[in-house]
Amino acid sequence: MLIRTEAPADILLIDRLLKSVFATEAEADLVMSLRENGHLTLSLVACTDEGEVIGHAMFTPLTIAGEETNWQGIFPVCVSKPYRHQGIGSQLIREGLDSLSDLGYPGCISAGKPEFWTSLGFESNSALTMAGNQCQIFTLWETEEGTPTGLVECSTEFQSYALTV
């Protein structure tokens with residue numbers, strides 16, 4: 001298996017993967033919209049040795065307390081059904097986090113299942129909130145200034161996405 005940055009030839013394959021993995025086309029539409037509007041920082045794919053795209057992870061910029069902080073959010077992450085429970089999603093996330101760290105991004109935020117995110121080194125952070133999100137928020141990395149506090153906001157594409165799910 002190979003994890004790499006998405007290439008233009010992957011766009012339709014990622015779209016097809018997202019549509020096959022999620023219950024609706026909302027995630028595929030979100031990813032396409034983020035890409036088209038330049039609101040993604042990093043998009044990775046996992047490929048089989050034969051080149052089939054079997055996983056995808058996207059990292060997007062966030063604002064915190066109304067300020068651009070260069071902190072990134074992780075969503076969506078998906079793996080093709082026959083390849084699940086083999087650690088591919090975790091590998092995509094770790095590779096993305098390593099790349100973001102190398103590029104100097106100060107931190108990353110996600111929300112969801114505590115057991116999954118803490119296994120990747122994330123810590124629960126009650127000082128951050130997301131409008132309409134009842135999940136725990138998890139952060140990774142701390143800058144010299146510490147973790148920012150306040151309302152976490154995603155790009156406008158996520159607002160449209162929230163209305164469809």
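**Close-up 1. Leu62 in strand β3 of the predicted model.** In this predicted model, L62 lies in strand β3. Because its relative accessibility is 6%, L62 counts as buried. Although L62 and E153 are separated by 91 residues in sequence, their C-alpha atoms are 5.7 Å apart in space.

**Close-up 2. The largest nonpolar core and the surroundings of I74.** The largest nonpolar core comprises 20 residues, and those with the most contacts inside it are F59, I74, L92, L97, C108, W117 and F122. At least two residues of this core are supplied by each of β2 (42–47), β3 (53–64), β4 (67–79), α3 and β8 (137–140), and the largest share, 5 residues, comes from α3. Apart from this core lies another, of 14 residues, which includes L18, A28, V31 and V45. Within the largest core, I74 is one of the residues with the most contacts; leaving aside neighbours within four places in sequence, I74 is in contact with M58, F59, I93, L97, C108, I109, S110, W117 and F122.

Close-up 3. Helix α3 has 15 residues (residues 88–102) and, at 1.5 Å a residue, should span 21 Å, which agrees with the 21 Å between its end C-alpha atoms. The buried residues of α3 are I88, G89, S90, L92, I93, G96, L97 and L100. An α-helix has 3.6 residues a turn, so residues three or four places apart point the same way. Among the buried residues of α3, L92 and L97 are also listed with the most contacts inside the largest nonpolar core. The helix is followed by G104, whose phi is positive, near 90°.

Close-up 4. Y83 and I54 are 29 residues apart in sequence, with a C-alpha to C-alpha distance of 7.2 Å. Leaving aside neighbours within four places in sequence, Y83 is in contact with T48, E52, I54 and I88. H85 is also placed in the loop between β4 and α3, and its relative accessible area of 83% means that H85 is exposed. The phi of H85 is near 65°, a positive value in a residue other than glycine.

Close-up 5. Most residues other than glycine have a negative phi, and most peptide bonds are trans. A65, in the loop between β3 and β4, has a positive phi near 55° although it is not a glycine, and with a relative accessible area of 44% A65 is partly exposed. P76 lies in strand β4, and the peptide bond from F75 to P76 is cis, with omega near -5°.

Key: Residues are numbered from 1 along each chain as its sequence is written. This is a predicted model: local features need pLDDT of at least 70, side-chain atom pairs count only at pLDDT 80 or more; totals for chains, interfaces and linings use all residues. Side-chain values use heavy atoms; hydrogens and water are left out. Helices (H or I, at least four residues) and strands (E, at least two) are DSSP runs, numbered from the N terminus. The expected span of a helix is 1.5 Å times one less than its number of residues. Buried means under 20% relative accessible area, exposed over 50%, partly exposed in between (1.4 Å probe, protein chains only). A nonpolar core is a set of buried Ala, Val, Leu, Ile, Met, Phe, Trp, Tyr and Cys residues joined through side-chain atoms within 4.5 Å. Contact means heavy atoms within 4.5 Å.
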